[in-house]
Amino acid sequence: MPDAQLPPNAKEWLQAFIGGFIATLLFHQGIVALFWLAGLIPAAPWNMSPVPPFGIPKVLSLAFWGGVWGPPIWWLIRRWQGLRHWLGALIAGAIGPTLVAMLVVFPLKGLDVSANTVVGGLIVNGAWGLGLAVWMRLVFTRKMV
């Protein structure tokens, strides 16, 4: 369905998905890159290793889930203005995805949760939340001009 035929609300949610996807590739993985370059983590950013069951690159799978998180986080912060908007994006982005990763995903994959993992998750996911907020501001500012 062409973009022009989507109702405004559907366009907004699609933009939130796209923003979450892009925020994963740029902001989330950007922080992972800084951690990796500093020798703080062993895993390199933008991992292209295939992920079962479909064999798509790990970074694209991660970006898809970042896209899935985009609409609920955007729903939460979209009406907030100023500092509240940016802090809300940082905090909601940090807490929601990190909690789900540590309480659901890690146990399902048999991975251990440590204090370093939690702190790292909060940082990279907080950066992701800011990336989502930046994308959405750019999209809606461009539409208003």
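Residues are numbered from 1 along each chain as its sequence is written. Because the model is predicted, local features need pLDDT of at least 70 and side-chain atom pairs count only at pLDDT 80 or more, whereas totals for chains, interfaces and linings use all residues; side-chain values use heavy atoms, with hydrogens and water left out.

Helices and strands are named here as DSSP runs numbered from the N terminus (helices being H or I with at least four residues, strands being E with at least two). Two packed helices are described by the angle between their axes and the distance between the axes. Helix α2 covers residues 58-77 and helix α3 covers residues 82-109; their axes come within 10 Å and cross at roughly 140°. Such axes are lines fitted to C-alpha atoms, for helices over the stretch in contact, and the angles run from 0 to 180 degrees between N-to-C directions. The helices α2 and α3 are therefore oblique to each other (angles under 35 degrees count as roughly parallel, over 145 as roughly antiparallel, 65 to 115 as roughly perpendicular and the rest as oblique). Their crossing is right-handed, a term for the near helix being turned clockwise from the far one by less than a right angle, with anticlockwise giving left-handed.

The residues that bring these two helices together can be named. From α2, W69, I73, W74, L76 and I77 meet H85, G88, A89, A92, G93, G96, P97 and V100 of α3, where contact means heavy atoms within 4.5 Å. By class, this contact of α2 with α3 has nine nonpolar and four polar residues, and no charged ones. In this classification Ala, Val, Leu, Ile, Met, Phe, Trp, Tyr, Cys and Pro are nonpolar, Asp, Glu, Lys and Arg are charged, and the others, Gly among them, are polar.

One of the α2 residues in this contact, I77, has 0% relative accessibility and so counts as buried (under 20% relative accessible area, with exposed meaning over 50% and partly exposed in between, for a 1.4 Å probe and protein chains only). Leaving aside neighbours within four places in sequence, I77 is in contact with H85, G88, A89 and A133. I77 and A133 are 56 residues apart in sequence, yet 8.3 Å apart in space, C-alpha to C-alpha. G70, also in helix α2, is likewise buried at 0% relative accessibility. Residues up to four places away in sequence not being counted, G70 touches A16, G20, W128 and L132.

A pair of aromatic rings is described by the distance of the centres and the angle of the planes. A search of the whole structure finds four aromatic pairs, a pair being rings of Phe, Tyr and Trp (its six-membered ring) with centres within 6.5 Å; planes under 30 degrees apart count as stacked, over 60 as edge-to-face and the rest as tilted. F17 and F21 have ring centres 6.5 Å apart and planes at 35°, so this pair is tilted. Being four residues apart in helix α1 (residues 8-37), F17 and F21 are separated by about one helical turn. F17 is partly exposed at 26% relative accessibility, and F21 is partly exposed at 24%. The rings of F17 and F64 have centres 5.9 Å apart and planes at 65°, so this pair is edge-to-face. It links distant parts of the chain, with F17 in helix α1 and F64 in helix α2, 47 residues apart. Together, F17, F21, F64 and W65 form one aromatic cluster.

Two backbone features lie in loops. The peptide bond from P52 to P53 is cis, with omega near 5°, and P53 lies in the loop between β1 (50-51) and β2 (56-57). W46, in the loop between α1 and β1, has a positive phi of about 50° although it is not a glycine.

Finally, W135 belongs to helix α4 (residues 115-144) and is partly exposed, with a relative accessible area of 24%. Apart from neighbours within four places in sequence, W135 is in contact with Q15, I18, G19 and I22. The C-alpha atoms of W135 and A16 are separated by 8.3 Å, although these residues are 119 apart along the chain.
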